[in-house]
Amino acid sequence: MSSHKRSVPRRLAGIAALSTVAAVGAGLVLVSAPASAAAGCRVSYTLSGQWPGGFGANVTVTNLGDAISGGWTLEWEFGAGQTVQQGWNGEFSQSGSRVRVTNPGWGSSLATGASVTPGFNGTWQGSNPAPTEFRLNGTVCTGETVPTSTTTTTTTTTTTTTNNPPPPSGLIGWATQNGGTTGGGSATAVTVGSASALSSAVSGTNPAVVRVTSSFSCSGMLRVGSNKTILGASGATISGCGLTLSGSRNVIIRNLTFRDWDDDAINIESGSTNIWVDHNSFSSGYDGAVDIKRASDFITVSWNRISSHDKSMLLGHSDGNGSQDRGHLRVTYHHNYFDGSGTRHPRVRFGNPVHVFNNYYRDNEYGVASTMDAGVLVEGNYFENVDEPTLVGYASSDPGALVQRNNVFVGSGAPESGGSVAPIPYSYTLENAATVKSSVSAGAGAGRISV
């Protein structure tokens, strides 16, 4: 049994009520620019969560005009005194009610039809209405394209849209945020039955749906690009190697069996976002089954089974990586079966809030550890014969916050908790913890769904 610290972490933001709203701005268009160019844009403004005094929002802007290559600026005004506190996917500044977002260093171009989604956390008092007008490089976003060789005045009506596409069936949690997770979407499926074929099929950023129809052995790590869905046919097993996502976005991995991997089974790192790892089985590997680190974000890990293995799910690279990880590592773990696995279910650094609900823990050394100022909500889980179900601080790592509620403990040690956790921004249904053992035993792991 590993040693750990038992000090209580510093207090963080409280749990609060949630709401989601979507709206786009419309208004008067006045355009004047050189001939032979076109401009236009569409904006969707969506609250990802709202609580007393605070809220989170995503702003998706789509360029409908000529390609932008020299940098972009998005501007709007708040109508009720709201302020931006922290932003991502853009450089935020605010003067009075006017908010200005310029492109991040890695994203100065915006092709015709391309979208980008800056997001932020902010404050509000009294009311929190959506902005009514957005401008991209000075052009009012109305959802239409206009030639900029003339001066045109157009009045439009306000419309309402949703920011995210409908999520795939069964997807809940953090992977539904930040624009959602759709993987390869409706791309025509291709089938693969070898490591080389899989590696080729999942490279790059073009949308792809890849069905693994045969079992194979390999070594090392196979690189997965963006906008991919990887589905395992019944019994499809990857032995000896794993999948790595580095800076990847919008990836779904489902219904695969991983065995005897020589590094990690699934490694998610370097700012990868919007990932769904669902209904996979893991056993007898070297290092992590599903490790998430280095500023990765907006991830759901659901209905997986881990057995005959020790280091299950690490969240956060190291104690010294806070400058990269703070404000990221937001992950949902639900309905996973930790079947006799040893540790890290998960072991969390910096991420807040991390949501761990309705998982089944059986015969583990420890369940969930919150360290390094992380904030973890642990609710509705079933712990059976777990030495230390929840820990506040672990080994040499400083403590985090951990709120535990509505859990069942059978033959297990006393849970630790302390501090408070940031609010969960999405809707979910919490299963009664008493039924989790039965439902997760029956439903977790590869081969339990049709793909």
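**View 1. Pairing of the bonded cysteines in the predicted chain.** When the bonded cysteines of the chain are numbered in sequence order, their pairing reads 1-2, 3-4, and the structure holds two disulfides, a disulfide being a pair of cysteine sulfur atoms within 2.5 Å. In general terms, such a link is a covalent bond between the sulfur atoms of two cysteines. This is a predicted model, in which local features need pLDDT of at least 70 and side-chain atom pairs count only at pLDDT 80 or more, while totals for chains, interfaces and linings use all residues. Residues are numbered from 1 along each chain as its sequence is written, and side-chain values use heavy atoms, with hydrogens and water left out.

**View 2. The disulfide of Cys41 and Cys141.** The sulfur atoms of Cys41 and Cys141 lie 2.1 Å apart and form a disulfide. The torsion about the S-S bond of Cys41 and Cys141 is about -95°, so this disulfide is left-handed. Because Cys41 lies in strand β3 (residues 38–51) and Cys141 in the loop between β12 (139–140) and β13 (145–147), the pair ties together parts that are 100 residues apart in sequence; strands here are DSSP runs (E, at least two residues), as helices are (H or I, at least four), and both are numbered from the N terminus. Cys41 counts as buried at 1% relative accessibility, and Cys141 is buried with a relative accessible area of 3%, where buried means under 20% relative accessible area, exposed over 50% and partly exposed in between (1.4 Å probe, protein chains only).

**View 3. The disulfide of Cys218 and Cys241.** Cys218 is joined to Cys241 by a disulfide with an S to S distance of 1.8 Å. Since Cys218 lies in strand β17 (residues 216–223) and Cys241 in strand β19 (residues 237–246), the pair ties together parts that are 23 residues apart in sequence. The link of Cys218 and Cys241 is left-handed, with -45° about the S-S bond, and both Cys218 and Cys241 are buried.

**View 4. Strand β23 and its paired strands.** Strand β23 (residues 273–278) is mostly covered, six of its six residues being buried. Strand β20 (residues 249–254) pairs with β23 in the parallel sense over five bridges, where two strands pair if DSSP finds at least two bridges between them; Arg254 has Asp278 in β23 as its bridge partner. Strands β23 and β26 also run parallel and are joined by five bridges, and the bridge partner of Ile275 in β26 is Ile299.

View 5. Ser302 has its place in strand β26 (residues 297–302), and at 0% relative accessibility Ser302 counts as buried. Leaving aside neighbours within four places in sequence, Ser302 is in contact (heavy atoms within 4.5 Å) with Trp276, Val277, Asp278, His279, His334 and Asn336. The C-alpha atoms of Ser302 and Asn280, which are 22 residues apart along the chain, are separated by 8.7 Å.

**View 6. The chain around these close-ups.** The secondary structure of the chain comes to three helices and 39 strands, and buried residues make up 54% of its 451 residues. Among contacts in the chain between residues at least 6 apart in sequence, 64% join residues at least 24 apart. The chain exposes about 17,100 Å², of which carbon and sulfur atoms supply 48%.

Definitions and conventions. Areas by Shrake-Rupley, 256 points an atom, 1.4 Å probe, with all protein chains shown as cover.
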